[in-house]
Structure formats: C-alpha cells, structure tokens
Amino acid sequence: MGVLELIDLTVTHGATAVVENLDLAVDEGELFALLGPSGAGKTTLLKAVAGLHAPAAGEIRLDGSPLTDLPPEKRNVVMVFQKPLLFPFLNVAQNIAFGLRMQNLDSREQQRRIAEILELTQLEGLGRRRIDALSGGQQQRVSLARALVLQPALLLLDEPLSNLDANLRQQMRELIQDLQAATGITTLFVTHDQSEALMIAHRMGLLLEGRLRQVGPPRELFFEPVDRAVARFFGGRNFFSGYLEDGHLVTPAGRFRVPAGTANGRPLTATIRPEDIEVRASANGGLPGTIWRTSFEGSLTRLWVSCEDLELVALTPQRGCRRGQQVAVILPPEKLRIFPTDE
Amino acid sequence: MLKIPDSPQHIRTRPIRSTRQIAGLLGPAVVCVGLLFGGGVLLALLQGLGYLPGAGMADLSLVHFQRIFSDPDFMRSLGLTFYVAGVSTILAAAASVVLALGLNALAARSRWIHFIFQIPLTVPHLVIAVAVMFMLAPAGLFSRAAQTIGLIAGPQQFPLMVNDAYGIGIMATYIWKEVPFITLMVLAVLHNSGREFLEVGRTLKAGPWQRFRHITLPTILPGLAAASLIVFAYTFGAFEVPYLLGRTHPLLLPVRAYKKYSDVDLMARPEGIATGLIIALVVVLSALLAQAAARAARRRGGRP
Amino acid sequence: MKAPGRTYPRRLLAGGVLLSVALPFVPLVLWAFSSRWFYPQPWPQAWGLRAWEYIFNTAGSQIIPGLMQSVWVAGLSALLAVALGLPAGRALGLYHFRGKQALAVLLTLPVVVPPLCVAMGLHLWFIRLGLTETLAGVVLIHSIFCLPYAVFVLWGVFANYDPDFEDQARSLGAGPWRTWYCITLPMVLPGVVVAGLFAFLLSWSQYLSTLIIGGGRVVTLPILLFALMGSGDRPVAAAVSLVFVLPALLILLISARCLGLRTATGVP
C-alpha cells in the first residue's frame, strides 16, 4: 500500500518544463525527500502527483494503477501545502474533520479519528480553538493532522518547514519523523533545504534543472556524489581533473590509488570535501601550500589554500591559522570521490 | 471602502511628536466635518423633537414622531422603502455571486472586463434613472420594440414598470448600479484566497459542489454581507431615483421626507425632519452591521 | 493559464457584461441625436443635432450656465476636500495614536448618512448665516461627505507611504519645504489626484442637497435635468444626461491610468 511510481514524467509550468522524463519509485512506508533549489518547480511536480496540475507527458502510478485520469478528490493522495491554509471559518476540529465530512464518514467514526489524530499531533484540547488563535507551529500541526486523518496511501508535503523559525523547525522535524514512523504512510516531501532532507529522509533525490541527478540514502548523496553538480550542491568545493595510469589517478594533487573498475578512457574529476582535507603546519609530507584567506565560522575555520598547481578550500577545527602561513595539505585517498567529467 | 487602512509590514507608523502636531494636521478637517455634520444632526434632532424657537415652540417633545408613527401613510412608505431597498439588494447580491464566480473562473486575468465593469460605479444614479425611464416607460424603447415585433398593440398594453406600485424601474436602476459594486467586492475576496483554499479542498476529497458549498460560500459570505448592507443602506436613503421613477402614492420614505419638509404647511416641516432622522437611523444601523461583517470578512477570508 | 476550451464561455461573458453596461446609454444616445422620433418606431425617424444646438447656442438655454455652476461647485468641493483632507490623511496614515478607531467612525458617518437628513437639519441655520442660495453654502454642504471621503482615500495613500524617504532626503541636505515639494508630493500625487477626482464626482452627482441649500438660485446640471424630464423634452434631457455623465467616464479613465486599473471604490 502506497507504492508511488513516476514513469517518464514531464511536467511543465507555463512554457518551461520543470521536470523532464523523470523516473522515480518511492517504496511503501518510505519518507522520501525531493531536494532542489528554490523555484525549480518542485511544488508543481507535487501538484501533478496530487492531481492539481496535469503533467505534460508520462505516467503516475500508485500501487500499480495509474492516477492520470483521476481528479484529486478521487486519488488516495493528500497534499499538505507550504502555508497551513486552514479554513478561517472553521475551528481546529472542524478543519481536521473536513476531508472526513467530504467522504461522508459516520460522525462517530469521525470523532474517534479526530481524537486520535489530535493526540498524535500533540494538539489535545485544542479542538474547539479558532484558527487565528493558534501559533504558527500549531497551525502547521493542524494542517498535518487534517491530511493524516484521512489515512491516505501517499502523503505529499510541500516544504513543510520553510515557513517556520529555527526553533520550531526542529520541533516540526521531529514531529514529522515520529508521525511518519507511527503511521507508516508513504511520504514524499520536497524541500530546498539540504539539512532538512539529510536529517529526515530515508531516501532522497536531488532535482537539478529538471533532472534527477542522484537518488539514494542521504549519506550516499552527501559522501558519494555521482557528479560535479551533486557534489557542488552539498558543499563540495574542491575539484580537480586527472587521468588514469595503471590503477592510479594522476592529478595536480598527486598520485592516488583508485579502486579497480574505475572508468577508463574518460576524463575524470576528483573531489574531496573541505572538512576531509587535513591541514598541517609543517611541510613534510603532503602538498605544500599557502593560506591566502581565512574565514572564522565558529567551530570550524575555512581556509583557502593555494598550492602549486591547485586551489583548495578546507574546513578545519584547528585554531590560529593565519593568512600567509605555509602549510602542508593532506588528501586522504579514501575520502576522494572520482567521477567522469561531464560538461 | 469603510476599512481602516493598514500600513504594510515594512513601514512602521511613527509615534506622534506632540498632540499639537496631530491637532494641527487633523484639526481643520475634524472641525469642518464635526461642525457641519454634527451640527446638522444636532439641529435635525432638535427640530425633530419640536424645538422651533422662531415659531414659539421651545420645548422638546415627541409629538412629531408620534404623529408620524400613527400615520398609516408613513407606515406604508416605510414598508415600501424596505421592500424596494431589500429586494433590489437581494437580487443584486444573487446576481453578483453568480457573476463573480463566472468572472473568477473564466476571466480572472482580463483587465478589460474589469475596467468595463467599473464604469457603472462612477455613473450617477440620476443618469441611469433617466435611461430607465426612456427604456421602460409605457411609450419607451422596450415598448416600441415590443409593438414593432407585434407583442403589444399600443402603449397601454405595455406592463407598467415606472411610476408603478412595485417600484420595478427603481429596482432596475439600483440593480444595474449595484451589481458591479458587489461583484467587485466578492471578486476581491475570491482573488485573495479563493484558489489556494479550493486546491486544499480538492486534495481533501471535496467534489465541485462540496467545494462551492463548504469553501467558496463561507469564504465570500462576510464580504458579500458587508457589500449588501452598504447597498441596502444607500438605496434606503436615496432620493433622486424614486423621485423620478416612483409613484406619487405611497411615496418612498426619502421622497416623503422631502415633500413634508418643503410643504407650504410649516407644521409639516418638523415631520419631514423627523422622517429624515428615522431614515438616518436605519441607514446607520445598516452601515454598522456592514462594518461588523467587513471585520468578519477580514478575519476569515482575507489572509490565508 | 487560459484553458482552450474556455474561449466561448469567456467571450459570452464578456459580451454579456459589455451589453449590460452599454444598455442604458442606448436610449440616451438615440434620443440625444434624434430630431423626430415618434411611437412606435424603435429608432428615430430623423436624426439631428437640435438638442445640442439648443444646449450650446440658444441664448435662453440655461444648460451652459448650469454646467458651469456644476463645475464650480464640484471643483471647489474637491479643492476643499483635498486641502483639508491631505493633512488629516497624513496624520492618520503616518502616525499612530489613540482614538484612530473613533475618528474612523466619526468620518464614516457623514459618508453614510444621506445628505437629505443633514441638509434639512442645517437649512435653518444656513438661512440665518446667509449661506443659503450661495455657492459657498452649497460647497459647504457637499464638503460634509466629500471631505471624509477624501480623508479616507488619503489615509490609505499615506498608510502605504514610507516616511523614511523624507528622513533620507533630510539626511541628504533637503530642508522641510524642499522635502515636501520634491519628495512627498510627487509620491502621493496620484492618490491625491484620485481623492480629488472622486470628491469632485460625489459633489457633481448631488441633487437634493444642492436643491435644499441652493434654494433654486444655485442651479446645477442635475437640477436642470430634473426640470427637463418634467417638461418632457426628451432629446435635450438625453443630451444633458450625456453631458452629465461625461466627467464620470473621464475621471474613470484618468484614475485607471493613475492607479493602473485598480478598483475604484465606487461613487453613488
């Protein structure tokens, strides 16, 4: 129950295509995050799955049966919007009951489900409250409750945490995770906030320029990006090209042993995360370089290091690094990620 | 129109530098309006209550009001005025809802339609009354067209629609003028919050009729009520249109008030003024209700 | 997004709206440009400009003086409304102080209460003050509702106006008058113009209050129009109606240009 498949899906917003030929599968009970820059049209994609926007081409299937001709009212999918959009002329309980009323559910069953969901979303006792008397976080929770109470096969969340301040965001993040774990509803949520996606998702996908670049568990996207764009998105700053020579990658940063089977004959790019670079004071071992800029960022300091053939950015917990300082830079080979150079 | 303007978020109002400063800025306007309007109402009250020092009556009494309320003609006028104002408002409101929904669905982006729709707002009522007279009179344009196609044999057969017992011409004038006003108010509400709430409704499994009944209607109701009450208040107290298109008996209340006031019999004057006060009371009550409805509208459908 | 299947219903709706709005003007135009039109023909037997000649050329015609009188009354009312309303609107829009709500109520009442009631009340007092049958008296009675209306419009204008601009100008060396003239005025001018135009319209459309206070000496277009309707001269009445409605349409066009087709709030 709740297996979503997007098959060769193309969705347009006006004249531009926001996603093209997208293939994606979300498993039952999964919390899947679709990550992408703001304005990339993720909301439009979500609306297409919800039925509020017609896709230009392709198919959407839920549990094997196509959704394409079903209006949103008939799909077993509920979308929660970025703004809470609580009906101002109904109180909390009535808002939550809305979908149940539309389905003509027996009123005793309605009451039971509402009471249940109020408890689940930590809104006990607020049933009679008016909407304008709620705080932002409470409104968001009512919005979630209103969707969950319908027990849909698929839940769509559009940037659920964007409107909240930092404090609330933490609470809501935990709430969403707990709710999803408790109810086991397949959830697809879109966001532009990487940390959000990294923290909550079971699996995530990065959407850039209308294409899914990489799909997998958060750790994978973060530590094992498949290409430069993905790496850049997650904060990768150090890219250098190289070529293969019997089992070693030859780069301006040195010669590194690479695993067998690494693509041969194609130009390669290597990247290493700033925090993985070791910076040592003395110049024996490692690449010699000069710090030409520093930026104090709290627990870590960002260093711009100029080596002979290479510019590197490092993040180090060390203190006291200064401009002009001569250092030695060490790139642990196991922290290096190598992928084919794309355009 | 009756709403207190709010400054947008990024502009903060300043605290006053001194009462004198504010008094200086507000003073002239407040004094002018206060003196003229306040004075006018006060004097009307005094005269309505019988105070007429020039004629030797220096006591306040309710005799004029008593005489008014015991006059069956007055009650007939009152009833007719409520009827004309009420029915034209209800019809205008109903037409406006349909029109607003239609415009919202079909022409939400068309600037031309919106512009054309604003024309009736600025046209004086009197002009429309004249036009209605030309169209609906027994020998008017519609009658001539009807005769030409053979529906009637002469002006006597054309149904009476001006200077008639049901105030049809009057109501037609009001409806033409007020439908755009109410429609634009309802459209404003629909524009602000309509689309998003409807999408929420769809994803929460509401069908088209359910969305109309449970989302659209509650959302527009306060704004609709406010606009309708304003319209009622205006049509209740309007003079020109019934003066031109109404019957001589029973008169609509504002016409009756003026007729009494300008009567040769000086004793009828205070009755005219008292009638005017009653009109003012009904109008003010309507306006207050409209304010309350407008406040409810802002709380409800204004900002999603 | 315009759904393709919607063109016909949209055209129908647009046509319906256009037709309904234009309808009252049909008999007016027909009568105004007719020289002979008898029952039962649905259009004039003969067209002509007799009515317009009467209005503009005949020596005994009161129409032109009536038009001028209307322009004077409405113009002065508008000027008074804006002159007093501008500082009031500024005070209400820019500053916060207690009693704003009460003031709003005080200013709403004169707009809502029919001019009939107040004019009857003030009549005797105006007689005593010698203000009846004078231009000044009529302008004053009109200002009872024109002024509050202008205040409301200007309140809205100043509520959206950021006074920080003035601070910036002062900080750059402009004195108070210079600031007002070069910064404030240009920024609020569209709103001021609209306030003035709508105050003009309010006064322009007045009949009864002008009649009561003007006492037959101050004769404006609506008064003439009533007389014409009573006399049964339909072509001249229709022509005068068209002249009467012209400023309203012009003002709508101007304010649409000024505000970019934003909604006019409606004038009786």
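## Chain A overall

Among contacts in chain A between residues at least 6 apart in sequence, 67% join residues at least 24 apart; two residues are in contact if their C-beta atoms, placed from the backbone, lie within 7 Å. This is a predicted model, in which local features need pLDDT of at least 70 and side-chain atom pairs count only at pLDDT 80 or more, while totals for chains, interfaces and linings use all residues. Residues are numbered from 1 along each chain as its sequence is written, and chains are lettered from A and ligands numbered from 1 in the order in which they are written.

Chain A has 343 residues, of which 38% count as buried (20 or more other C-beta atoms lie within 10 Å of the residue's own C-beta atom, placed from the backbone). Along the principal axes, the C-alpha atoms of chain A fill a box of roughly 75 × 45 × 35 Å. Its secondary structure comes to eight helices and 20 strands. Helices (H or I, at least four residues) and strands (E, at least two) are DSSP runs, numbered from the N terminus.

## A sheet in chain A

Six strands of chain A form an open sheet with mixed pairing, in the order 6-7-8-3-9-10. Two strands pair if DSSP finds at least two bridges between them. Strand 6 (77-80) and strand 10 (211-216) are the edge strands, and each pairs on one side only. On average, neighbouring strands of this sheet are turned by 20° against each other, direction ignored.

Within chain A, strand 7 (residues 154-158) and strand 8 (residues 186-191) run parallel and are joined by five bridges. Leu155(A) stands opposite Thr187(A) in strand 8 of chain A.

## Where chains B and C meet

The contact takes 81 residues from chain B and 78 residues from chain C. On the side of chain C that touches chain B, 60 residues are nonpolar, 14 polar and four charged. Ala, Val, Leu, Ile, Met, Phe, Trp, Tyr, Cys and Pro count as nonpolar, Asp, Glu, Lys and Arg as charged, and the others, Gly among them, as polar.

## Two helices across the contact

Helix 4 (residues 111-122) of chain B and helix 1 (residues 7-22) of chain C pack at an angle of about 25°, with their axes 10 Å apart. That makes helix 4 of chain B roughly parallel to helix 1 of chain C (angles under 35 degrees). Axes are lines fitted to C-alpha atoms, for helices over the stretch in contact, and angles run from 0 to 180 degrees between N-to-C directions.

Helix 4 of chain B contributes Ile113(B), Ile116(B), Phe117(B), Ile119(B) and Pro120(B) to the contact, and helix 1 of chain C contributes Ala14(C), Val17(C), Leu18(C) and Val21(C). By class, this contact has nine nonpolar, no polar and no charged residues.

Definitions and conventions
Parallel < 35°, antiparallel > 145°, perpendicular 65-115°, else oblique. Buried ≥ 20, exposed ≤ 12 C-beta atoms within 10 Å, placed from the backbone.
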